[in-house]
Amino acid sequence: MPTNFTVVPVEAPEGNTDGGEGEAEAERGEEEGPGCERCNRWQPRRESGVGDGIPRESSPFINNASMEGENIYEGKNMALFEEEMDSNPMVSSLLNKLANYTNVTQGVVEHEEDDDSKRKEIKAPRMGTFIGVYLPCLQNILGVILFLRLTWIVGTAGVLESFIIVFICCSGTMLTAISMSAIATNGVVPAGGSYYMISRSLGPEFGGAVGLCFYLGTTFAGAMYILGTIEILLKYIATNAAIFTGGEEATLNNMRVYGTCILALMAIVVFVGVKYVNKLALVFLACVILSIIAIYAGVIKTAFDPPDFRICLLGNRTLLSGDHICAKYVIENNVTETTLLWKKFCSDDPSLNATCDEYFRLNNVTEIQGIPGVASGVLFDNLWSVYREKGVIIEKQDMPSVPVPSLEEVKEKSDAYVYTDIMTYFTMLVGIYFPSVTGIMAGSNRSGDLRDAQKSIPTGTILAISTTSFIYLSCIILFGACIEGVVLRDKFGEAVNGNLVIGTLAWPSPWVIVIGSFFSTCGAGLQSLTGAPRLLQAIARDGIVPFLHVFGHGKANGEPTWALLLTALICEIGILIASLDSVAPILSMFFLMCYLFVNLACAVQTLLRTPNWRPRFKYYHWTLSFLGMSLCLALMFICSWYYALVAMLIAGCIYKYIEYRGAEKEWGDGIRGLSLNAARYALLRVEHGPPHTKNWRPQVLVLLNLDSEQLVKHPRLLSFTSQLKAGKGLTIVGSVLPGIYLDKYTEAQMAEENIRSLMGVEKTKGFCQIVVSSSLRDGISHLIQSAGLGGMKHNTVLMAWPQSWKQTDNHFSWKNFVDTVRETTAAHQALLVAKNIDLFPMNQERFTEGNIDVWWIVHDGGMLMLLPFLLRQHKVWRKCKMRIFTVAQMDDNSIQMKKDLQMFLYHLRLNAEVEVVEMFENDISAFTYEKTLVMEQRSQMLKQMQLSKNEREREAQLIHDRNTASHSTGMVKSHTAITTPEKVQMTWTKEKLISEKHKNKETSMMNYKDIFNMKPNQSNVRRMHTAVKLNGVVLNKSQNAQLVLLNMPGPPKNRQGDENYMEFLEVLTEGLNRVLLVRGGGREVITIYS
């Protein structure tokens, strides 16, 4: 992308000031002559605010209302563009806005809606990469798991498998950081961190689901840190502070009581003021760094002076440390005396002849060094995993031991040995360890406070992950090389006088690690309770999850009070679990899901190659994002498949809820782009030809009529559409506005909004298309021809019967209707005409009984059979029964017809009653003859009236044309001879006017006499006879039916009889409540084959 710009100043001519502007223009006009229209066009002074009237998006890139009232285009250097300057800014103005652009604080005002006039002055951020990103990430990544569980993981899984666990987890976070860096550097990222990035990249549904998962993960992380704090306090600092004493249950109750108290204390601190938490952040960070330094210093010291921590073993079993001497007996002054250890295994009998535990009697007591040092070679003993069940004694692998047949007696002496507290296996250790690599979002969450976020976030985050990965991987090797295996597997340091195991390695004192880890976990818990409510507040204020709206409110200064309360309650759930090892996999799920979607967002944006995807961070690729996504998904199921399913179910429920009830948001997200690509791919795959009969379903174009206020005249037509379609297939709702598009643009927009809102009310899923055309007739033709796209075109047209077709002033006249029938036939499209549409049921109504009657007169593809089946899928028509009537002529065998029709319906898998109606030929009734005569007389009279009107209009037009021609010959001078038109008498005298009136009256009287003396056309009489006869049969059988479906006869080939065709249809359906006239598209739509 070119980045070199040249700014060329354009100076106005000298002396061209505002005062002389009119004179200069006047002089220029005189010089160029009187015919200069271009000069006259520029004469009026431009008024500010003139434009096309179209509202524009409010953003720093486009001038908004704040520019109104300012005459900033005084000069004439850019006069050519002055009509556009009210909507499109000058480059200088744009650059000025961009230079002053600042990030909004998280959760205050949404980035897209931030007006220049409302934006508050924010102090310019000063934090760089080291302070703003690197150190916060370091503090969040290095935490409770490192101090309390890493040694135990190394001892249980062995150095090799521990290395694999850490490498997999760190690889996942590194790949996620690469994807996050690409997203974070693709434009300005306001404060909001990962939630903002995911929601704007993947849309509100994914953004809300993942944002809430990230919120839950952060909240449970707070619970984990608090539990870690309590464990350090009760196990290593104040061992006598326990309220409950006893076994495992007492320990859990202590964790619950103390955890609840510390949670309440931390919530009060956060509520009172976050500034205190932020001020203490550096203190907590210093504790973490000092602890890490103490560990490395202790490792170096073990090379030449290992610390003295002795472990007492009975055979190969690890014994609890205590006041006893690590021996069965001692010899003092040649007297053998038993030790306290002897009493433990010999029922408190100090005599040498006492009955002792069998294993104690057979095995020797030995004492080994717990921290042999980095040069001792203990690394090779700790390479392999030692997974055990719960309640198993911790044993040293290479020590000799004499086994005993039964371990029942040993289990009774539980106070002598060190036992495993939980069952261990590889995948469980992955779930416990993974929270120690979370925290990579700490830098992106502070994006609003960074001097250059697009540079700092990638550099700081990747450096922090590299540093912490090195620390974790090196610690695994160093722990395995320095500490004895039984000590590593001793989770709570019971064999080393109750010391923190990692503290035994530290220099100068174990208390450095104990105090450092205590403050570190306290600080991390406070940070979680500070960050989680703000994340929830940001989600609530986005408005995508309606039930979270209350959590968007807070104190006057914006502090999220209600969100903090909910966070504390959820955090309490984690504390009631009371086990750090049980809480860790829960938050692992939520963080892994968040990281998975960060990778997905980057992969989707990269593969779509959207024009706006231009990250400054170039070291990414979609394969890396896809690998990171796959790794996160695999880690979810490795950690705990049932937790993974629960987390995915929660996210899925939130996704569907937002999709169903959430606010509509258009953020230009990748999922919308992905949908467009998928739609394009699917459209290209769909064949342009008609689908197979088995796949045929009505793809409907609904033609609506609008009133003068652009409201739908017959809303029940959309209700019927939704009942017919049930959300399946294609639905296009179209309407035509007569006029010119430039004049009718606003009305077209209003009409589209009204139709869309009505579609939402009626639950009609489809598309809306408004056409502005010079005539209603042409507009309908355009819709029938061009609606749809590619293979996704309509095959059926649904319209309402024009009730007032006999009125001459009706816009949607019978002529338009008949032409529409002809055009659908020519386009091989089916036509459905709903008569008495206002009597059709709405979606809320239910028919508890009744029939849907099908009158199958002619076969035109089976459309009549298919429609009742589709309607009965909807709950409005579900309880209606289907009846099929067919007409038998004189020569037909009605009994055989009924059997054949029943067999046909059986093969079609349709349940319907069948009835064959016999219509015998009889004489044409006088009623039919008279009705035909009245119809033809009316038609002839209308023609005569129309003809007279047309003649008058043509005569007036002829006079106007001749007058114009004679006028123009006097104005234009030409040498070419022009034929003078025949003279027209323009003067009307009274006598001439009277004679003309009498002449017209006589002509009209003669025409009317001819009309009343005429005889009806025999073809029309036969058609009217069919309509009257069939109408009588239908009324007899189906007058009380809920819906009557009837074959719609085609219009006459001779256009002179179009008005008679409308009369035939009127007679055919007279007396019926709800009628659906059906005309097939000329192809089979239903089949007996599977």
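For the residue classes used here, Ala, Val, Leu, Ile, Met, Phe, Trp, Tyr, Cys and Pro count as nonpolar, Asp, Glu, Lys and Arg as charged, and the others, Gly among them, as polar. The structure is a predicted model, in which local features need pLDDT of at least 70 and side-chain atom pairs count only at pLDDT 80 or more, while totals for chains, interfaces and linings use all residues. Residues are numbered from 1 along each chain as its sequence is written, and side-chain values use heavy atoms, with hydrogens and water left out.

Grid points are joined across faces, edges and corners, and a volume is the space filled by probe spheres set on the points. Five cavities of 30 Å³ or more are counted by this rule. The largest cavity holds about 90 Å³, and its lining has four nonpolar, four polar and three charged residues. Among the residues that line the largest cavity are Trp152, Val386, Arg388, Glu395, Thr420 and Arg489.

The second largest cavity holds about 60 Å³. Its lining consists of Val270, Phe271, Pro533, Arg534, Lys555, Glu559, Pro560, Thr561 and Leu564. Helices H8 (248–272), H18 (510–542) and H19 (561–577) each give two or more residues to this lining; helices (H or I, at least four residues) are DSSP runs, numbered from the N terminus. By class, the second largest cavity is lined by five nonpolar, one polar and three charged residues.

Side chains of opposite charge can pair when their charged atoms come close. With a salt bridge taken as a side-chain nitrogen of Lys or Arg within 4 Å of a carboxyl oxygen of Asp or Glu, the whole structure contains 20 salt bridges. In one of these, the closest N and O atoms of Asp421 and Lys491 are 3.0 Å apart. Asp421 lies in the loop between helix H12 (408–412) and helix H13 (426–433), and Lys491 in the loop between helix H16 (485–488) and helix H17 (501–505), so the pair ties together parts that are 70 residues apart in sequence. Buried means under 20% relative accessible area, exposed over 50%, and partly exposed in between (1.4 Å probe, protein chains only). Asp421 is partly exposed at 26%, whereas Lys491 is buried at 6%.

Arg777 is partly exposed at 24% relative accessibility, and Glu823 is buried at 18%. Arg756 and Glu752 form a salt bridge (3.0 Å, N to O) within helix H25 (residues 741–762), where they are four residues, or about one helical turn, apart.

On the surface, Leu633, Phe637, Trp641, Tyr642, Leu645 and Met648 form a nonpolar patch with about 590 Å² of accessible area together. Helices H21 (622–639) and H22 (641–661) each give two or more residues to the patch. Patch residues have over 30% relative accessible area and no salt bridge, nonpolar side chains (Val, Leu, Ile, Met, Phe, Trp, Tyr) being joined within 5 Å; accessible areas come from the Shrake-Rupley method with a 1.4 Å probe.

Note on methods:
Patch = residues over 30% accessible without salt bridge, like charges linked within 9 Å, V, L, I, M, F, W, Y side chains within 5 Å. 1 Å grid on protein atoms, 1.4 Å probe; cavity = no way out; pocket = protein on both sides within 12 Å on 5 of 7 lines; lining within 4 Å.
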